[in-house]
Amino acid sequence: MSDTQFKNRSSEWIGDMTVWLRANAGDNSEQMTRLRRNLRRAREQELTQRQREMVALYYDRGMTMPQIAERLGVSRSTVSRTLRRARDRLYRFLRYTL
């Protein structure tokens, strides 16, 4: 089998698996609702005020790290570290709530 044939077949197989998985996946709307509710609660309870502010600017408003840094008068690395710590805190909280 040539390299091109192999790539085509593997692409077809991946596409077929994707269709099968979607068709056979269970309804996860209840889990998604719970995740959204818990994420809101985690953002309010688990994050510091500074982390909440940066998470809102980055994820909710779509600002870039340099834009946030300029707006808040901090360095880009401070924004990066703060967002990383916020994601870690949210992950630790949410990992046990599903």
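Modeller: This is a predicted model, in which local features need pLDDT of at least 70 and side-chain atom pairs count only at pLDDT 80 or more, while totals for chains, interfaces and linings use all residues. Residues are numbered from 1 along each chain as its sequence is written, and side-chain values use heavy atoms, with hydrogens and water left out.

Biologist: Why does Arg 50 count as partly exposed?

Modeller: Buried means under 20% relative accessible area, exposed means over 50%, and partly exposed is in between (1.4 Å probe, protein chains only). Arg 50 has 36% relative accessibility, so Arg 50 counts as partly exposed.

Biologist: What makes Arg 50 and Glu 53 a salt bridge?

Modeller: A salt bridge is a side-chain nitrogen of Lys or Arg within 4 Å of a carboxyl oxygen of Asp or Glu. The closest N and O atoms of Arg 50 and Glu 53 are 3.8 Å apart, so the pair meets that definition. Both residues lie in helix H3, 3 residues apart, about one turn of the helix; a helix here is a DSSP run (H or I, at least four residues), numbered from the N terminus, and strands (E) need at least two.

Biologist: How many salt bridges does a search of the whole structure find?

Modeller: The search finds 3. One of them joins Asp 60 and Arg 43, with the closest N and O atoms 2.7 Å apart. That pair links distant parts of the chain, since Asp 60 is in helix H3 (residues 49–60) and Arg 43 in helix H2, 17 residues apart.

Biologist: Which side chain meets Arg 84 in a salt bridge?

Modeller: Asp 88 does, at 2.7 Å, N to O. Both are in helix H5 (residues 76–95), 4 residues apart, about one turn of the helix.

Biologist: Why is Asp 88 called partly exposed?

Modeller: Its relative accessibility is 29%, and therefore Asp 88 counts as partly exposed. Arg 84, at 43%, counts as partly exposed too.

Biologist: Which residues is Leu 39 in contact with, leaving aside its neighbours within four places in sequence?

Modeller: Leu 39 is in contact with Leu 90 and Leu 94, where contact means heavy atoms within 4.5 Å. Leu 39 itself is found in helix H2 (residues 29–45). The C-alpha atoms of Leu 39 and Phe 93 are separated by 8.7 Å, although these residues are 54 apart along the chain.

Biologist: Why is Leu 39 called partly exposed?

Modeller: Its relative accessible area is 31%, so Leu 39 is partly exposed.
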